[in-house]
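Hi,

Here is the structure I promised to pass on. Have a look at it first, then read my notes below.

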Amino acid sequence: MELRRGGVGSQAVGRRMDGDSRDGGGGCKDGGSEDYENLPTSASLSTHMTAGAMAGILEHSVMYPVDSVKTRMQSLNPDPKAQYTSVYGALKKIIRTEGFWRPLRGLNVMVMGAGPAHAMYFACYENMKRTLNAVFHHQGNSHLANGIAGSMATLLHDAVMNPAEVVKQRMQMYDSPHRSALSCVWTVWRTEGLGAFYRSYTTQLTMNIPFQSIHFITYEFLQEQVNPHRGYNPQSHIISGGLAGALAAAATTPLDVCKTLLNTQENVALNLANISGRLSGMANAFRTVYQLNGLPGYFKGIQARVIYQMPSTAISWSVYEFFKYFLTKHKLENRTPY
């Protein structure tokens, strides 16, 4: 997920280094927290990219089986053999009937996309945020600057991630004809053209921009409650990030359902809706979902989406902040003369 943190970023650390002194009344007291507060106000580009890549890869790898279930549960007209009532039941049924490794099909293409996509996202976001905060002459943390920076980073992230999403979701579907990522890429390219890999790009952006807005606002509010001094506190990042991700995921589920339909081009559903050829455009996807399933159709797979997003967001926050802290501290130690 695309994440940001006030405490680890330049703003919060900068506030402390500019004279935000505290007495013994709160915050983290351990040596790790003190070291963290003494880090420079901005990490290097390579640090942001490496930490972001690690966060993206680990997040998607750990949660991939649940993501596979989410994709299937969002099917508008699922095969009778692929109808599920719960995430656990779905995983159990898939493994029993299709093999132990079936929930992981497509993981390789997701890892290949998540690494560079998250690396560029975090690097773009951190640098845009720092530049815009300076332009706005804001002392500390500008929500406007962060919002613009996040939106710009999302454009870059989704441009890289969208083709991987298309291949991944087609391989995740029940009775998918694609047995490898390479064969899926070749088939889509040959039969539908390059545009098929970006058919859901506008929907993806339309989903991710409000997702991130809800996520950031909720995360900042929760951080103010559980980690008001914004020290390096993994527990607070996990709790705040997880709850913020869950709320944002639930609110944007209708857009995710439409994105899944555009990515998978579910043949049975399109035939039932009397659609010939390929479905394109968010408005058409919204109409098709309503035509086939009514209002409940927009919330298909919401349970799986929330269960997937909550730990995913928590993993991304904790992994990104850990590697950012570790890499920055390591570089400082290498430069320190003995």
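Predicted model: local features only at pLDDT ≥ 70, side-chain atom pairs only at ≥ 80, totals over all residues.

Here is what turned up, starting with a pair of helices and moving on to salt bridges.

Residues are numbered from 1 along each chain as its sequence is written, and side-chain values use heavy atoms, leaving out hydrogens and water.

Find helix α8 (residues 201-226) and helix α10 (residues 253-264): their axes come within 9 Å and cross at roughly 155 degrees. (Helices are DSSP runs of H or I, at least four residues, numbered from the N terminus; axes are lines fitted to C-alpha atoms over the stretch in contact, with angles from 0 to 180 degrees between N-to-C directions.) That makes α8 roughly antiparallel to α10 (the label is for angles over 145 degrees).

Now the salt bridges (a side-chain nitrogen of Lys or Arg within 4 Å of a carboxyl oxygen of Asp or Glu). The whole structure has 13 of them. In one, Asp256 pairs with Lys70 at 3.1 Å, N to O. Asp256 sits in α10 and Lys70 in helix α3 (residues 45-73), so this pair ties together parts 186 residues apart in sequence. Asp256 is buried at 1% relative accessibility (buried means under 20% relative accessible area, with a 1.4 Å probe and protein chains only).

Asp256 also forms a salt bridge with Lys259, at 3.3 Å between the closest N and O atoms. Shared partners join Asp67, Lys70, Glu165, Lys168, Asp256, Lys259 and Arg305 into one network.

Cheers

Note on methods
Helix = DSSP H or I, 4+ residues; strand = E, 2+ residues; numbered from the N terminus. Parallel < 35°, antiparallel > 145°, perpendicular 65-115°, else oblique. Buried < 20%, exposed > 50% of the residue type's maximum accessible area, 1.4 Å probe, protein only.
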